[in-house]
Amino acid sequence: MNGSSMTMKTTHRSTAFPHRHLLGIEGLQPPHINYLLDLADEAVEVSRQVEKQKAVLRGRTQINLFFEASTRTQSSFELAGKRLGADVMNMSVSTSSVKKGETLIDTAATLNAMRPDLLVVRHHAAGAVHLLARKVGCAVVNAGDGPHEHPTQALLDALTIRRHKGTLGGLTVAICGDIRHSRVARSNIILLSNMGARVRVIAPSTLLPSGIHSMGVEVFTDMREGLKGCDIVMMLRLQRERMSGAFVPSVREYFRYHGLDSEKLSYANPDALVMHPGPMNRGVEISAEVADGPQSLIREQVEMGVAIRMAVLEALAQNLPDTP
Amino acid sequence: MNKNVKPLVLTNARVIDPANSMDEAGAVIVQDGTILAAGADALNQGAPDGAQIIDCNGAVVAPGLIDIGVSVGEPGAEHRETLESASRAAAVGGVTTILTSPNTDPVIDDPALVDFMLRRARDTALVNVHPMAALTKGLAGKDMSELGLLKEAGAIAFSNDRLPITNSSVLVRLLTYARDFDALVVHQAQDKDLAGSGVMNAGLRASWLGLGGIPREAEFVAIERDMRLVAMAKGKYHARLISCPQSAQAIQRAKNDGLNVTAGISINHLTLNENDIGPYRTFHKMSPPLRTEDDRQAMVAALADGTIDIIMSDHNPQDVETKRHPFAEAEDGALGLETMLGAGMRLVLNEDISLSKLLATMTCNPADRLGLPAGRLSKGAPADLIVFDPQKPWIVEKDKIRSRSKNTPYEDETLTGRVLTTIVAGGILDHDAI
């Protein structure tokens, strides 16, 4: 390694969750995922009490390092850390020295010197979080790296589904929309397939990544066809810059063929549930009627987000060294 | 449309129906706007009661022509051509279905405009009209247009007219996106930089005339690129107009590789060459340019061997305002609707191709590519027919041109093969009254 002090530390890893970092869903075995979901179920209970505090992270320092703005994810991680008793600091790109030309490695070295225990990182470039994880001594959580992975989103989706359907195995889940540019889609495809769900992707061909047919999913370009028999419909956000001719011609055409409205939703199973990682574009990928309707779990996903992040932080904290 | 209520029987005819490999003496029976029977056995059951009988005196009866390359001035340049005037030109030329180019003002890139074209055609046109819509917004070659909504509105195919899409990423995404709607992408391949400011075929002739040349490479380099992109996107592609043998070879290779590709050509590029430009005749200025006689012959051969699937008129009305300029400054384009069949007959009379083959490239081939039921004499097909005398000579007289513009490259020339009667949806269009 690079000879930094961290390699000398002795760590005793929990057998339930034997990972130092959470960089992606890739590499997590079903028992590890179930362990996190179980922990998160407990965290939901904690969060629903008046006294929303546990002490498992007391004395620990958590830094949320966001190179890409994300109010929702950042506040979710902040709240999760605080509910577990950690000292939480937020660093966003606008206030960091990245703007002054500091490289990612320099930033890592600087942060490392502050001796954090947990580092939560969001970055616009795929692989940036992996790079950072190799250069710091603390546990690293990927809060989204470019179009690569967003593991806590996939976990919170899994938690939400499991709490409603009891299990993930055997469910048919459709992930719809901009699969090509979505880290949420990648993490969910891996997680859901590993847990025994049947995964479908539905998108215009221009929004499918190459090689999608070899990702172990069923591919559809027609929404009605793809939604038939689905238990879960996951919508993805379409970025504004992609909706005016580059990947799809217009918002109205996208909504017409790929926006989830009640007519299209009627092709899914009657008890199908609708999810969206947020923030939503009502009238682009989802109609207001469906987003706010009885089949929507979108609000609940936000609550589960805090719980799953508490679970992840707690699981990683168990593997932190006891001695400095 | 002037629909005949009475059934119609065309007897004593040479019935040619390339879709069904038919070329035989016989009759065609039309009832309720569709074909009831065609061929030697058509009258075995006798003529329907009260049918109007037309004795064709041995003339050819064939499916009406389908022309997939027609510029109309409507909307925006009605002084050059309207749907009504273009449809009259089509009718006398034996063209019963036209595909309009989206190169109007405004460009047909919005579902409401497709609807406008269909309604105007319904109210004013004598023949069937299917609008093509723009591949990219404003034909600018940048942002893809609403292929799904446009197709739902009635756009039959998508074209960027004569304007090439130079950005490969845009074209590959279009081909990919079009796949979801089974939409046909019609593209004029040209490398804009290689074409530069050229105005005719590059070579000796252009050099002596002192005109900038457009090399063949400007076309076939782009065609070869397009074939790679079609393979990448698994798209459905029609090369709008190819003009040189290297392009035909690239198309042939792509077909051999199983790509969903067809190729078209204009009648001009099969019957004229760069020498016809003579002393700077602007009616012979076209895009892509007329090539050499060797190129022309190679294209005829590519038509004969099936590499080229579809002949279009590339009808492009231009008036003195746009044509009466020094050659380099004049607009491209020539009329074609009224002369497509007569000019095509030159190839038949020269024994380059059979009459049946010529008709296939103007009837069932475009129909099959577009998914149209017309272009054939099968039972139940729309009764769009022509009766024509393949031996009858006629002179292309400016005063008799039905088009509002007069820019024919065949002015005062004699063509052999004249359409006598045109029938659309079972209704006879009287040429003298058009």
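Axes here are lines fitted to C-alpha atoms, for helices over the stretch in contact, and angles run from 0 to 180 degrees between N-to-C directions. The structure is a predicted model. On that basis, the axes of helix 12 (residues 340-349) and helix 13 (residues 355-362) of chain B come within 9 Å and cross at roughly 145°.

**Helix packing in chain B**

- Two packed helices are described by the angle between their axes and the distance between the axes.
- The crossing in which helix 12 of chain B passes helix 13 of chain B is right-handed.
- Helix 12 of chain B contributes B:Met340, B:Leu341, B:Gly344, B:Met345 and B:Val348 to the contact, and helix 13 of chain B contributes B:Leu355, B:Leu358, B:Leu359 and B:Met362.
- Sorted by class, this contact between helix 12 and helix 13 of chain B has eight nonpolar residues, one polar residue and no charged residues.

**Pockets**

- Rolling a probe the size of a water molecule over the atoms shows where empty space is left.
- The largest pocket holds about 800 Å³ of space. Its lining has 35 residues, and those nearest the centre are A:Arg122, A:His150, A:Arg183, A:Gly278 and A:Pro279.
- Two or more residues of that lining come from each of helix 2 (71-83), helix 5 (151-165), helix 6 (183-194) and helix 11 (298-318) of chain A. Helix 11 of chain A gives the most, with six residues.
- By class, the lining of the largest pocket divides into ten nonpolar, 16 polar and nine charged residues.
- The second largest pocket holds about 680 Å³ of space. It is lined by 32 residues, of which B:Asn103, B:Asp161, B:Arg162, B:Asn316 and B:Glu331 are the closest to its centre.
- The lining of the second largest pocket divides into twelve nonpolar, eleven polar and nine charged residues.

**Parallel sheet in chain A**

- Five strands of chain A form an open sheet with parallel pairing, in the order 7-6-5-8-9.
- Strand 7 (218-220) and strand 9 (273-275) of chain A are the edge strands, each pairing on one side only.
- On average, and with direction ignored, neighbouring strands of this sheet are turned by 20° against each other.
- Strand 8 (residues 232-235) of chain A runs parallel to strand 9 of chain A and is joined to it by three bridges. A:Val233 has A:Val274 in strand 9 of chain A as its bridge partner.

**Parallel sheet in chain B**

- Six strands of chain B form an open sheet with parallel pairing, in the order 9-10-11-14-15-16.
- Its edge strands, strand 9 (133-134) and strand 16 (310-312) of chain B, each pair on one side only.
- Strand 10 (residues 158-159) and strand 11 (residues 185-187) of chain B run parallel and are joined by two bridges. The bridge partner of B:Phe158 is B:Val185 in strand 11 of chain B.
- Helix 4 (residues 168-180) of chain B packs on the sheet and touches strand 11 and strand 14 (236-239) of chain B; its direction makes about 150° with that of strand 11 of chain B.
- Helix 8 (residues 245-256) of chain B also packs on the sheet, touching strand 14 and strand 15 (260-266) of chain B; its direction makes about 155° with that of strand 15 of chain B.

**Antiparallel hairpins in chain B**

- Eight bridges join the antiparallel strand 1 (residues 8-17) and strand 2 (residues 22-31) of chain B. B:Leu8 has B:Val30 in strand 2 of chain B as its bridge partner.
- Strand 1 and strand 2 of chain B form a hairpin with four residues between them.
- Strand 2 of chain B pairs with strand 3 (residues 34-39) of chain B in the antiparallel sense over five bridges. B:Gly39 in strand 3 of chain B stands opposite B:Ala27.
- Strand 2 and strand 3 of chain B form a hairpin with two residues between them, and B:Asp32 in the turn has a positive phi of about 55°.

**Backbone geometry in chain B**

- Most residues other than glycine have a negative phi, and most peptide bonds are trans.
- B:Ser21 is not a glycine, yet has a positive phi of about 50°. B:Ser21 lies in the loop between strand 1 and strand 2 of chain B.
- The peptide bond from B:Asp105 to B:Pro106 is cis, with omega near 5°. B:Pro106 is in the loop between strand 7 (95-100) and helix 2 (111-124) of chain B.
- B:Ser287 and B:Pro288 are joined by a cis peptide bond with an omega of about -10°. B:Pro288 is in the loop between helix 9 (267-271) and helix 10 (293-304) of chain B.

Conventions. Residues numbered from 1 in each chain as written. Chains lettered and ligands numbered in written order. Predicted model: local features only at pLDDT ≥ 70, side-chain atom pairs only at ≥ 80, totals over all residues. Heavy atoms only, no water. Left-handed = near helix turned anticlockwise from the far one by under 90°. Contact = heavy atoms within 4.5 Å. Nonpolar A, V, L, I, M, F, W, Y, C, P; charged D, E, K, R; others polar. 1 Å grid on protein atoms, 1.4 Å probe; cavity = no way out; pocket = protein on both sides within 12 Å on 5 of 7 lines; lining within 4 Å. Points joined across faces, edges and corners; volume = space filled by probe spheres on them. Pairing = 2+ DSSP bridges.
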